[in-house]
Amino acid sequence: METVPRPGRGVPPKKDKLQAKRKKPRRYWEEETAPAVAGASPGPPRKKKKKKNLEVRRQKQKNSHNSKKSRISKKSQFRKKSREQKKPGPQRTLSGAQDPFPGPAPVPLEVARKFRRIDKSKELPHSLPKTRSKLEVAEALEEEISVKAARSELLLAEEPGFLEGEDGEDTAKIRQADIVEAVDIASAAKHFDLNLRQFGPYRLNYSRTGRHLAFGGRRGHVAAFDWVTKKLMCEINVMEAVRDIRFLHSEALLAVAQNRWLHIYDNQGIELHCIRRCDRVTRLEFLPFHFLLATASETGFLTYLDVSVGKIVAALNIRAGRLNVMAQNPYNAVIHLGHSNGTVSLWSPSVQEPLAKILCHRGGIQAVAVDCTGTYMATSGLDHQLKVFDLRGTFQPLSARTLPQGAGHLAFSQRGLLAAGMGDVVNIWAGQGKASLPSLEQPYLTHRLAGPVHGLQFCPFEDVLGVGHSGGITSMLVPGASEPNFDGLESNPYRSRKQRQEWEVKALLEKVPAELICLNPRALAEVDVISLEQHKKERVERLGYDPEAKAPFQPKAKQKGRSSTGSLVKRKKKVLAQEHRDKVRQSLEEQQKQKQKQKAKPTGARPSALDRFGGL
């Protein structure tokens with residue numbers, strides 16, 4: 001049998017239990033204060049016991065009889081202590097080393113200014129202290145958000161690129177086959193042709209995420225599919241002419257302008273609604289932030305349909321004949337209509353008259369397009385002119401070009417590229433980047449199709465241009481056309497069904513009313529001083545008195561006989577006398593200033609030409 005060894009034969013003696021409990025094992029990151037026993041291991045880390053439980057309980061029992069005010073003051077003291085503890089100090093790691101770069105990394109001022117939305121050069125208007133404090137809090141929050149956005153810009157690794165010719169080579173001579181051979185396999189799969197001559201010509205539309213494509217032919221063919229994976233969603237024949245097609249707020253709903261009425265389908269091709277109040281529709285536009293479907297008809301009516309409640313918001317009689325040219329401004333949701341007299345009119349559902357009218361061409365308008373920033377508008381007319389206008393209040397043409405034949409269709413990309421369809425040829429002009437004016441001198445790319453162009457649209461977040469023509473659908477590769485970095489919370493091409501449902505609920509809660517559509521959306525946050533004064537003047541005339549005028553002085557009631565009638569009258573007279581003295585003093589000061597100005601001029605002197613500047 002094994003026996004317990006005696007103390008003294010090479011075995012250390014047993015220690016007292018209390019002494020063993022008091023001694024704590026040394027952690028590997030702590031400095032060694034006492035020499036460690038040879039061969040002894042530190043052992044597993046133990047949790048520290050809380051020794052302040054009894055003290056806290058006694059403190060609570062002592063302070064139970066205190067008043068509510070003392071409790072509040074102690075709470076504030078505890079909060080102050082916690083705040084002091086949270087102050088950033090020299091951060092140390094487990095090894096004991098100090099961080100050489102404490103705190104967040106500094107952000108350059110120019111980068112943060114790019115994401116700033118509030119102009120701090122303007123002074124805050126005169127307002128109440130409560131309102132001013134709210135404005136200051138909003139400014140501080142906006143400053144913090146702009147700094148966070150500037151920091152997250154480092155994560156945007158994708159950069160836009162363009163075609164560059166070698167040794168002065170013209171990029172317009174580069175064919176689509178050459179681009180497909182030069183790019184990778186995934187990008188080459190984005191170029192394809194659908195031969196659908198039997199049901200053409202076609203109109204097409206991409207969803208907001210850029211993942212799904214819907215197209216409709218003149219002979220009734222309607223289809224929608226995931227063009228990246230080539231998975232067909234639905235395919236039907238409506239047995240009548242299809243004039244235009246649009247996705248609604250998501251790829252699950254589809255609006256089709258047929259020969260007689262407007263029809264709504266789901267992604268399985270099942271007809272959900274037939275809206276007979278929208279008849280003879282020629283063009284469709286969907287406003288995603290307002291959930292409005294704008295329709296232009298042969299009868300000259302512009303109709304706004306709220307798809308969230310199924311109600312027609314406005315039906316405007318344009319009085320300009322057949323409406324066949326329509327585009328929307330993504331910046332302010334204003335609808336641009338082209339007319340046969342060479343003008344373009346801007347419309348809002350809350351106004352019965354056009355917001356503006358622009359004379360663009362000597363002949364009728366064939367196509368209109370507006371870039372995503374709302375800065376430029378491109379128009380083409382029967383006079384074979386292609387013009388780019390400035391929409392920032394001037395509405396003046398910035399550049400113009402004469403084409404061999406009029407461009408029947410125009411489209412802007414996310415990076416400011418302009419595509420024009422002229423017969424069976426598509427020309428693309430490029431600028432210097434986003435929100436820059438496209439140069440119309442030399443085309444960036446040129447491509448010839450199998451038939452006349454009937455519809456154009458750039459795919460969001462993909463360097464792809466979809467073209468609908470009489471021979472089917474063509475997907476062109478256009479390097480540098482789209483925004484490479486997308487906002488996953490706004491338009492996520494890879495979202496699941498559950499994410500799409502959650503986004504739809506959020507978008508409905510944040511829906512913008514149709515009454516807020518105007519030319520300058522930033523003017524909604526400003527105060528219209530002129531109309532405010534006019535309303536105040538009309539109110540005074542209607543009531544016969546000014547309700548916002550200063551109320552007469554009413555003395556407060558006092559005790560111990562000091563609120564008698566005589567004392568009240570004396571106090572009223574005293575206040576009135578003081579106000580009268582202030583008015584007299586102010587008038588005397590103004591008179592003295594006028595006398596000093598008159599004395600400064602010598603009497604009898606000849607008038608000088610510089611006297612006209614005396615009042616400045």
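A salt bridge here is a side-chain nitrogen of Lys or Arg within 4 Å of a carboxyl oxygen of Asp or Glu. By that rule, the count is 17 salt bridges.

Before I go through some of them, a word on the model. It is predicted, so local features need pLDDT of at least 70 and side-chain atom pairs count only at pLDDT 80 or more, while totals for chains, interfaces and linings use all residues. Residues are numbered from 1 along each chain as its sequence is written, and side-chain values use heavy atoms, with hydrogens and water left out.

Let me start with D226 and R211. These two form a salt bridge, and their closest N and O atoms are 3.1 Å apart. D226 sits in strand β4 (residues 221-226) and R211 in the loop between β2 (202-206) and β3 (212-217), so the bridge ties together parts 15 residues apart in sequence. When I name strands and helices, I mean DSSP runs, numbered from the N terminus: helices are H or I with at least four residues, and strands are E with at least two. Are D226 and R211 buried or exposed? Both are buried. Buried means under 20% relative accessible area, exposed means over 50%, and partly exposed is in between, with a 1.4 Å probe and protein chains only.

The next pair is R415 and E483, whose side chains meet in a salt bridge at 3.5 Å, N to O. R415 is in the loop between β22 (409-412) and β23 (418-422), and E483 is in the loop between β28 (472-477) and α8 (497-509), so this pair ties together parts 68 residues apart in sequence. R415 has 15% relative accessibility and counts as buried. E483 is buried as well, at 19%.

Now R448 and D424. Their salt bridge has its closest N and O atoms 3.4 Å apart. R448 is exposed, with a relative accessible area of 58%, whereas D424 is partly exposed at 26%.

Some salt bridges also join up. R203, D244, R246 and E285 are linked in a network of them.

On to the strands. Two strands pair if DSSP finds at least two bridges between them. β1 and β28 are joined antiparallel over 4 bridges, and F192 has S475 in β28 as its bridge partner.

β11 has a partner on each of two hairpins. With strand β10 (residues 281-287), the pairing is antiparallel over 6 bridges, and V281 stands opposite S297. That hairpin has 4 residues between the strands, and F291 in the turn has a positive phi of about 55 degrees. With strand β12 (residues 301-306), β11 runs antiparallel and is joined by 5 bridges. Here L293 has L305 in β12 as its bridge partner. The hairpin of β11 and β12 has 3 residues between the strands, and G300 takes a positive phi near 90 degrees.

Last, the spaces. On a 1 Å grid over the protein atoms alone, a cavity is a set of points where a 1.4 Å probe fits but cannot get out; a pocket is an open set with protein on both sides within 12 Å along at least five of seven lines; lining residues have an atom within 4 Å of a point. There is 1 cavity of 30 Å³ or more. The largest cavity holds about 70 Å³, where a volume is the space filled by probe spheres set on grid points joined across faces, edges and corners. Its lining residues include R208, H249, E490 and W503.

The second largest pocket has a volume of about 660 Å³. Its lining has 30 residues, of which K190, F461, E462, D463 and S482 lie nearest the centre.
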